[in-house]
Amino acid sequence: EKFDDLARWGDRTILIAPETDGILETGRRRLDELGAVTPMSSAAAIALCADKLACARVLESQGIPTIRT
């Protein structure tokens, strides 16, 4: 409840949370639901970056050099 109140109150919201167990992605999705303005990456981008193998595959498919995975 406090999270929701603060997200609605501020001019901009930046969420700092671990990627573990999707906490950051879930929080970002909640900001979207609340209509909070945030400069953060999208929830989809956060989910992709949290999955290091999937992220590496996307980068490789775009010709972006990555470490061998």
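Modeller: Helices (H or I, at least four residues) and strands (E, at least two) are DSSP runs, numbered from the N terminus. This is a predicted model, in which local features need pLDDT of at least 70 and side-chain atom pairs count only at pLDDT 80 or more, while totals for chains, interfaces and linings use all residues. Residues are numbered from 1 along each chain as its sequence is written, and side-chain values use heavy atoms, with hydrogens and water left out.

Biologist: In which helix is D4 found?

Modeller: D4 is buried, at a relative accessible area of 15% (buried is under 20%, exposed over 50%, partly exposed in between, with a 1.4 Å probe and protein chains only). Beyond its neighbours within four places in sequence, D4 touches R30 and L34 (contact means heavy atoms within 4.5 Å). The helix that holds D4 is α1.

Biologist: What pattern does the protein chain follow, read along the sequence?

Modeller: The secondary structure of the protein chain consists of four helices and zero strands. Read in order along the sequence, the pattern is α-α-α-α.

Biologist: What share of the 69 residues of the protein chain counts as buried?

Modeller: Along the principal axes, the C-alpha atoms of the protein chain fill a box of roughly 45 × 20 × 15 Å. Of its 69 residues, the share that counts as buried is 25%.

Biologist: How do the residues of the contact of α1 with α2 divide into nonpolar, polar and charged?

Modeller: Helix α1 (residues 2-9) and helix α2 (residues 23-34) pack at about 60°, their axes being 10 Å apart (axes are lines fitted to C-alpha atoms, for helices over the stretch in contact, and angles run from 0 to 180 degrees between N-to-C directions). Therefore α1 is oblique to α2 (under 35 degrees is roughly parallel, over 145 roughly antiparallel, 65 to 115 roughly perpendicular, the rest oblique). F3, D4, A7 and R8 of α1 meet G27, R30, L31 and L34 of α2. With Ala, Val, Leu, Ile, Met, Phe, Trp, Tyr, Cys and Pro taken as nonpolar, Asp, Glu, Lys and Arg as charged and the others, Gly among them, as polar, the division is four nonpolar, one polar and three charged.

Biologist: How many nonpolar, polar and charged residues does the contact of α2 with α3 have?

Modeller: The axes of α2 and helix α3 (residues 43-50) come within 9 Å and cross at roughly 175°, and therefore the two helices are roughly antiparallel to each other. From α2, the residues L24, E25, R28 and R29 meet A43, A44, I46 and A47 of α3. By class, this contact has five nonpolar, no polar and three charged residues.

Biologist: What distance separates the C-alpha atoms of A56 and E33?

Modeller: A56 is found in helix α4 (residues 52-61). It is buried, because its relative accessible area is 8%. Apart from neighbours within four places in sequence, A56 is in contact with T66 and T69. E33 lies 23 residues away from A56 along the chain, and their C-alpha atoms are separated by 29 Å.

Biologist: How far apart in space are L53 and T69, C-alpha to C-alpha?

Modeller: L53 also has its place in helix α4. Its relative accessible area is 38%, so L53 is partly exposed. L53 and T69 are 16 residues apart in sequence, and their C-alpha to C-alpha distance is 7.0 Å.
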